[in-house]
Amino acid sequence: MALLPEIAALLGEPRFNWSDPTPWVELERELGIGFPADFREIVDAYGSIEINGQLYLKHPAGHLLHSLGENIRGDLELWREEDMAEYLPSPVGANPGELVPVASATTGEAVFLRVPDGPSSPWRVVVQEFDSPSWTLYEMTFGEWLLAYLQGRDVTLRARDRAPDGPFYAFLP
């Protein structure tokens with residue numbers, strides 16, 4: 001993936017470097033979707049991390065304390081509640097046009113991947129601001145969105161507010 005070197009140049013070299021596809025295959029089978037390649041590549045490279053003391057990314061490997069699969073299952077349940085569903089542009093789930101929760105932020109935002117409408121349609125990113133009914137659809141892949149975040153561009157989350165000296169990450173315990 002062409003974006004990983006650009007992300008690594010800003011964030012720092014990845015140190016997780018997971019290569020076993022089994023956790024992804026199991027999670028994708030359970031959910032009924034295949035995650036986009038850029039998302040998988042970034043998460044496999046970095047693992048379960050906190051970026052800029054703000055953004056949480058999690059890996060699906062079962063031995064980790066912070067598991068993407070557990071996170072998604074819990075978030076799907078939360079966002080399917082009637083009073084929460086009204087805060088999103090479409091339902092959560094794995095059907096075309098639905099949203100899969102994949103990341104969260106200490107500042108209250110939830111990051112979703114929008115399931116493509118068809119096989120040739122791209123995955124997109126939706127960010128919901130938990131403290132308001134506001135959400136934003138970004139016409140970019142997850143890798144493009146993360147790169148924009150790391151560059152300090154406005155993608156709902158702001159890196160410069162949290163990392164004035166440049167992006168950084170730490171493994172989740």
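Partly exposed describes a residue whose relative accessible area falls between the two cut-offs, buried being under 20% and exposed over 50%. At 49%, Asn-17 therefore counts as partly exposed. The model is predicted.

- Strands β3 (residues 99–105) and β4 (residues 109–114) run antiparallel and are joined by five bridges.
- Pro-101 stands opposite Phe-112 in β4.
- Strands β5 and β6 are also antiparallel, with four bridges between them. They form a hairpin, and five residues separate the two strands.
- Val-127 has Thr-136 in β6 as its bridge partner.
- In a regular strand, side chains alternate between the two faces of the sheet.

**Helix α6**

- The buried residues are Phe-142, Gly-143, Trp-145, Leu-146, Leu-147, Ala-148, Tyr-149 and Leu-150.
- An α-helix has 3.6 residues a turn, so residues three or four places apart point the same way.
- Gly-152 follows α6 and has a positive phi, near 85°.

**Aromatic pairs and a charge over a ring**

- A pair of aromatic rings is described by the distance of the centres and the angle of the planes.
- Ring pairs link Trp-24, Phe-35, Phe-39, Phe-142, Trp-145 and Tyr-149 into a cluster. Of these, Phe-142, Trp-145 and Tyr-149 are buried residues of α6.
- Trp-24 and Phe-35 pair edge-to-face, at 5.5 Å centre to centre and with 70° between the planes.
- This pair links distant parts of the chain, eleven residues apart. Trp-24 belongs to helix α2 (residues 22–31), while Phe-35 is in the loop between α2 and α3 (37–46).
- Trp-24 has a relative accessible area of 0% and is buried. Phe-35, at 6%, also counts as buried.
- Tyr-169 and Phe-171 have ring centres 6.0 Å apart and planes at 85°, so this pair is edge-to-face.
- The accessibility of these two residues falls in separate classes: Tyr-169 is buried at 11%, whereas Phe-171 is partly exposed at 36%.
- Lys-58 lies over the face of Tyr-56, at 5.8 Å from the ring centre.

**Ser-48**

- Ser-48 sits in the loop between α3 and β1.
- Its relative accessibility is 6%, so Ser-48 counts as buried.
- A polar atom of the Ser-48 side chain lies 2.9 Å from the backbone nitrogen of His-59.
- The Ser-48 side chain also has a polar atom 2.8 Å from the backbone oxygen of His-66.
- Leaving aside neighbours within four places in sequence, Ser-48 is in contact with Leu-57, Lys-58, His-59, Leu-64, His-66, Ala-170, Phe-171 and Leu-172.

- Asn-17 has a phi near 45°, a positive value in a residue other than glycine.
- The loop between α1 (3–11) and α2 holds Asn-17.
- Thr-156 is not a glycine either, yet its phi is positive, about 75°.
- Thr-156 lies in the loop between α6 and α7 (159–162).
- Thr-156 counts as buried, with 11% relative accessibility, whereas Asn-17 is partly exposed at 49%.

How values were computed. Residues are numbered from 1 along each chain as its sequence is written. This is a predicted model: local features need pLDDT of at least 70, side-chain atom pairs count only at pLDDT 80 or more; totals for chains, interfaces and linings use all residues. Side-chain values use heavy atoms; hydrogens and water are left out. Two strands pair if DSSP finds at least two bridges between them. Rings of Phe, Tyr and Trp (its six-membered ring) pair if their centres lie within 6.5 Å; planes under 30 degrees apart count as stacked, over 60 as edge-to-face and the rest as tilted. Buried means under 20% relative accessible area, exposed over 50%, partly exposed in between (1.4 Å probe, protein chains only). A charge sits over a ring if NZ of Lys or CZ of Arg is within 6 Å of the ring centre and within 35 degrees of the ring normal. A polar contact is a pair of N or O atoms within 3.5 Å; within protein, one must be able to donate a hydrogen and the other to accept it, and residues adjacent in sequence count only if both atoms are side-chain atoms. Contact means heavy atoms within 4.5 Å.
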